[in-house]
Amino acid sequence: MLSNVRIVLVGTTHPGNIGSAARAMKTMGLSQLFLAEPKVAPDGQSIALAAGASDLLKNLVVTDDLASAIADCSLVIGTSARSRTLSWPMLDAREAGVKLASEANTGPVALVFGRENSGLSNEELQMCHYHVCIPANPEYSSLNLAQAVQLLSYETRMAHLAQTEQPSPEAEVEYPTQGQMEGLYQHLEQTLSHTGFIIKAHPGQVMNKLRRLFNRARPEQTELAILRGVLTSVDKTTGRKKGS
């Protein structure tokens, strides 16, 4: 299961952080390291700080952006250290570990960490189903990247061990990948623009709020198919051609 848990570092600027994150991951049994839009490549310092986890560096995946790194993931949790103008479903570290461990049984899941100096952008956070915040000391909440990776990887491992000892009797649910959800959002925006519900010149926050709604609802694979079918039916009724 742990091989399905993906750690994604976005816009990393220090090669040492890549190596330290790899070490933190390997101590907890995680092995899938992705770099999305990195500013630097792993180097000798990365290998030195990986301290025996250089195999993760050799096998890491580099992508041009976050969307590419999480396209095939059914669950994406983004780390956030501050509140945003548009609130998103929040988890603490333990809750995040439980969700990652549970849903990794059926396919890839991702835990996303932002830039060292500025974290994840609002647009990137909106690609995540949940946000997780580590409740550090409010008077001194300075956690470096590797420390954050270590804490959340630990919670994921502990949740995995608990599930191994007491397997859940519930049937496993199949959720859409993030790429499939992006397809729904694009289709929905096109349809709502065609019906006039969204005005292209002044779209407002409609799609952001709809993203938040669907992230909170977590539609299953079969429910996604129904939603796409509903939109296609509306398109046919209103005369919108595919791709228009």
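Two residues are in contact here when heavy atoms lie within 4.5 Å. Keep that cut-off in mind for this tour of a predicted model.

**Stop 1: the two domains.** Colour residues 2–165 as domain 1 and residues 178–241 as domain 2. Their C-alpha centres lie 29 Å apart.

**Stop 2: the interface.** Now show the residues where the domains touch. On the domain 1 side there are 16 residues in contact, and they meet 11 residues of domain 2. The size of an interface is often given as the accessible area lost when the parts come together. Between domain 1 and domain 2, about 1100 Å² is buried. Carbon and sulfur atoms give 48% of that area.

**Stop 3: a salt bridge.** How many salt bridges cross the interface of domain 1 and domain 2? The rule finds 1. Next, select Glu103 and Arg218. Their side chains form a salt bridge, with 2.9 Å from N to O.

**Stop 4: Arg218 again.** Arg218 lies over the face of the Tyr175 ring, 4.2 Å from the ring centre.

**Stop 5: an aromatic pair.** A search of the whole structure gives 1 aromatic pair. Select Tyr185 and Phe214 to see this tilted pair. The ring centres are 6.3 Å apart, and the planes make an angle of 45°. Tyr185 sits in helix 8 (residues 178–195) and Phe214 in helix 9 (residues 206–217), so the pair ties together parts 29 residues apart in sequence.

**Stop 6: buried or exposed?** Tyr185 counts as buried because its relative accessibility is 3%, under the 20% cut-off. Phe214, at 15% relative accessibility, also counts as buried.

Terms used: Residues are numbered from 1 along each chain as its sequence is written. This is a predicted model: local features need pLDDT of at least 70, side-chain atom pairs count only at pLDDT 80 or more; totals for chains, interfaces and linings use all residues. Side-chain values use heavy atoms; hydrogens and water are left out. Rings of Phe, Tyr and Trp (its six-membered ring) pair if their centres lie within 6.5 Å; planes under 30 degrees apart count as stacked, over 60 as edge-to-face and the rest as tilted. Helices (H or I, at least four residues) and strands (E, at least two) are DSSP runs, numbered from the N terminus. Buried means under 20% relative accessible area, exposed over 50%, partly exposed in between (1.4 Å probe, protein chains only). A charge sits over a ring if NZ of Lys or CZ of Arg is within 6 Å of the ring centre and within 35 degrees of the ring normal. Domain bounds come from an automatic or database domain assignment. Buried area is the accessible area (1.4 Å probe) that two parts lose on being put together, summed over both. A salt bridge is a side-chain nitrogen of Lys or Arg within 4 Å of a carboxyl oxygen of Asp or Glu.
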